[in-house]
Amino acid sequence: MPAGWSVEMHPSITLADSEPEPDLAIVLGTVTDYMHRHPGASEVALVVEASDLAIDLARTLKKQIFAAAGIPTYWILHVVDEQLEVFEDPSGNAETADYRTSRILKRGEGVTIQVGDKIVGPIPVETLLP
């Protein structure tokens, strides 16, 4: 990660109407910065949900919540299909929120992510899968 950012497992993220707990997030700062509060949407570069059976929830409600909050990138790691679903460029609010771009990546492909002003990657998809 670029300086000033960290990877957090199962963090609570404070949003306007909820506090979701994605499986993983890249957040501004370190774990000690969030000892007395949770990161807000503006402090999150990426949220990741690993999904096997609850894929519909990850593709609908969770995606909508993260897009409405303006979180720049949302990944769904679909374990059963061995693929990474990448969503970027959030738009809209409440019930109309979604990501403008999406793509599906398989083993053998790589993904990059913008964290702050830096590009991280490519990250091989197979390194994210069990």
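# Rings, cores and strands

Mentor: Ring pairs join Phe66, Tyr74, Phe87 and Tyr99 into a cluster. This is a predicted model: local features need pLDDT of at least 70, side-chain atom pairs count only at pLDDT 80 or more, and totals for chains, interfaces and linings use all residues. Residues are numbered from 1 along each chain as its sequence is written, and side-chain values use heavy atoms, with hydrogens and water left out.

Trainee: How many aromatic pairs does the structure hold?

Mentor: The structure holds four aromatic pairs. Rings of Phe, Tyr and Trp (its six-membered ring) pair if their centres lie within 6.5 Å; planes under 30 degrees apart count as stacked, over 60 as edge-to-face, and the rest as tilted.

Trainee: Why is the pair of Phe66 and Tyr74 called tilted?

Mentor: Their ring centres are 5.2 Å apart and their planes stand at 50°.

Trainee: What makes the pair of Tyr74 and Tyr99 stacked?

Mentor: The centres of Tyr74 and Tyr99 are 6.3 Å apart, with 25° between the planes. The distance is within 6.5 Å and the angle is under 30 degrees, so the pair is stacked. Tyr74 lies in strand β4 and Tyr99 in strand β6 (residues 98–106), so this pair ties together parts that are 25 residues apart in sequence. Helices (H or I, at least four residues) and strands (E, at least two) are DSSP runs, numbered from the N terminus.

Trainee: Are Tyr74 and Tyr99 buried or exposed?

Mentor: Both Tyr74 and Tyr99 are buried, and Phe66 is buried as well. Buried means under 20% relative accessible area, exposed over 50%, and partly exposed in between (1.4 Å probe, protein chains only).

Trainee: Why does Glu49 count as buried?

Mentor: Glu49 has 6% relative accessibility, which is under 20%, so Glu49 counts as buried. Glu49 is found in strand β3 (residues 44–51).

Trainee: What makes a polar contact with the side chain of Glu49?

Mentor: The side chain of Lys62 does, at 3.3 Å. A polar contact is a pair of N or O atoms within 3.5 Å; within protein, one must be able to donate a hydrogen and the other to accept it, and residues adjacent in sequence count only if both atoms are side-chain atoms. The distance of 3.3 Å is within that limit. Leaving out residues up to four places away in sequence, Glu49 also touches others, including Phe66, Tyr74 and Trp75; contact means heavy atoms within 4.5 Å.

Trainee: Which residues have the most contacts inside the largest nonpolar core?

Mentor: They are Val44, Val47, Ile71, Tyr74 and Tyr99, in a core of 18 residues. A nonpolar core is a set of buried Ala, Val, Leu, Ile, Met, Phe, Trp, Tyr and Cys residues joined through side-chain atoms within 4.5 Å. The elements giving two or more residues to this core are β2 (24–28), β3, α1 (55–68) and β4 (73–78). Helix α1 gives the most, with four residues. A second, separate core has 16 residues, among them Ala45, Trp75, Leu84 and Val125.

Trainee: What makes β1 and β6 the edge strands?

Mentor: The open sheet has six strands in the order β1-β2-β3-β4-β5-β6, with mixed pairing. Two strands pair if DSSP finds at least two bridges between them. Strands β1 (5–9) and β6 each pair on one side only, and they are the edge strands.

Trainee: How many bridges join strand β5 to β6?

Mentor: Eight bridges join β5 (residues 83–91) to β6, which meets the requirement of at least two. These two strands run antiparallel. They form a hairpin with six residues between them, and Gly92 in the turn has a positive phi of about 80°.

Trainee: Where is Asp89, and what is its phi?

Mentor: Asp89 is in strand β5, and its phi is positive, about 65°, although it is not a glycine. Its relative accessibility is 37%, so Asp89 counts as partly exposed.
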